[in-house]
Amino acid sequence: MPIFRLHELEQYLACPRQYKYARSYGLLDPAEDAVYRFHRYIRKGMQELRDVKTALPASGWQTAETHLRTLWEQEGPAGHAYDAFYWQVAERILREEWRAITSPEGAKASERMLLAQPLYARLRQCIVEVTADRMIADAATQLTVLVRLHTGRPLDEHTKDLTLPLYYLAHQQQHPDAPVEILLAYAGTTLAEETDEAEGTDGAAEASEPGSLKDVTEKARSAATKYLNPLRKTRSALDKLDEAALGILAQEFALHPNERRCAACAFCYVCPSDPESTNTTTATGAGAPA
């Protein structure tokens, strides 16, 4: 059975033609933009802090920051026009994380925590790979806690993330009937909130406290259970991932014109899509180059 990462399937669902350019042709992936690299760096930076703490237990923040700077050049949006701005936000989040894991309570909790753990959820047409940003196992209760990390304030759309039911499904398939909790975690202010603050708006006032958590276990369980129910009468949110997998395997790369998305697409100058044309909405419309 084919294996896809969730963001690949979601990219296909947003625009199959963009997926073709990025994945099939191996062109620049639009996901490799500054914001994507920033969030990826935060996750890798949290692991780097733990590695520094393990290797150099007596080290302080300055040593940790030196390691983070090296990682920034490799994984972060180094060299971007707003490099200094991105670094300022990242440094604030990771410095708070360093304080947490070097405190007595944080050090104890960190011993049971694994970061960036891959999980594989088997659907009907494919296997979907997702990453648990944090995994905490309690040997006494056999409870596993899977955490999805966000860098900012809680938003309603976070609870609709398909990562969450995939967490639940992957865990239950690997450990049937074992207890699991799915949590959303927030690591500090977002880039948007930083901009609000700089402009004097009140957006930053709603920022979550670093380390705040939201339990979404029941919502994730409900979505996963609905997908598995052969007698359900309504469509499951996970069905579209099966459809995306089938479309990719069938090499169906339709155009999905959208004025806003097309304008920001890295492939807008080579794609035949025209948001104002009704002739570019099919996969292989007459005259549309592959």
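1. Is D177 buried or exposed in this predicted model? At 75% relative accessibility, D177 counts as exposed, because the cut-off for that class is over 50%. D177 belongs to the loop that runs between α7 and β5, the latter covering residues 180–186. Its phi angle is near 70 degrees, a positive value in a residue other than glycine.

2. Q142 sits in the loop between β3 (127–138) and β4. With a relative accessible area of 54%, Q142 is exposed.

3. T151 should be considered next. Its position is in the loop that joins β4 (143–150) to α7 (163–174). T151 has a relative accessible area of 7% and is therefore buried, the limit for that class being under 20%. The side chains of T151 and H39 make a polar contact at 2.9 Å.

4. As to the overall architecture, the secondary structure of the protein consists of 11 helices and six strands. The protein has 290 residues, of which 43% are buried. Among the contacts with a separation of 6 or more, 67% are between residues 24 or more positions apart.

5. The packing of α3 against α4 can be described in some detail. Two packed helices are described by the angle between their axes and by the distance between those axes. Helix α3 spans residues 34–55 and helix α4 spans residues 61–75; they pack at an angle of about 140 degrees, with axes 9 Å apart. The crossing of the two helices, α3 and α4, is right-handed.

6. Which residues of α3 meet α4? On the α3 side they are R37, R40, Y41, K44, G45, E48, L49 and V52. Their partners in α4 include W61, H67, L68, L71 and W72. By class, the contact of α3 with α4 comprises eight nonpolar, four polar and six charged residues.

7. The length of helix α5 can be checked against expectation. Helix α5 covers residues 83–102, and its 20 residues, at 1.5 Å a residue, should span 28 Å.

8. Which residues of α5 are buried? They are D83, Y86, W87, V89, A90, E91, I93, L94, E97, W98 and I101.

How values were computed
Residues numbered from 1 in each chain as written. Predicted model: local features only at pLDDT ≥ 70, side-chain atom pairs only at ≥ 80, totals over all residues. Heavy atoms only, no water. Axes fitted to C-alpha atoms, helices over the stretch in contact; angles between N-to-C directions. Helix = DSSP H or I, 4+ residues; strand = E, 2+ residues; numbered from the N terminus. Left-handed = near helix turned anticlockwise from the far one by under 90°. Contact = heavy atoms within 4.5 Å. Nonpolar A, V, L, I, M, F, W, Y, C, P; charged D, E, K, R; others polar. Expected span 1.5 Å × (residues − 1). Buried < 20%, exposed > 50% of the residue type's maximum accessible area, 1.4 Å probe, protein only. Polar contact = N/O pair within 3.5 Å; in protein donor to acceptor, adjacent residues only side chain to side chain.
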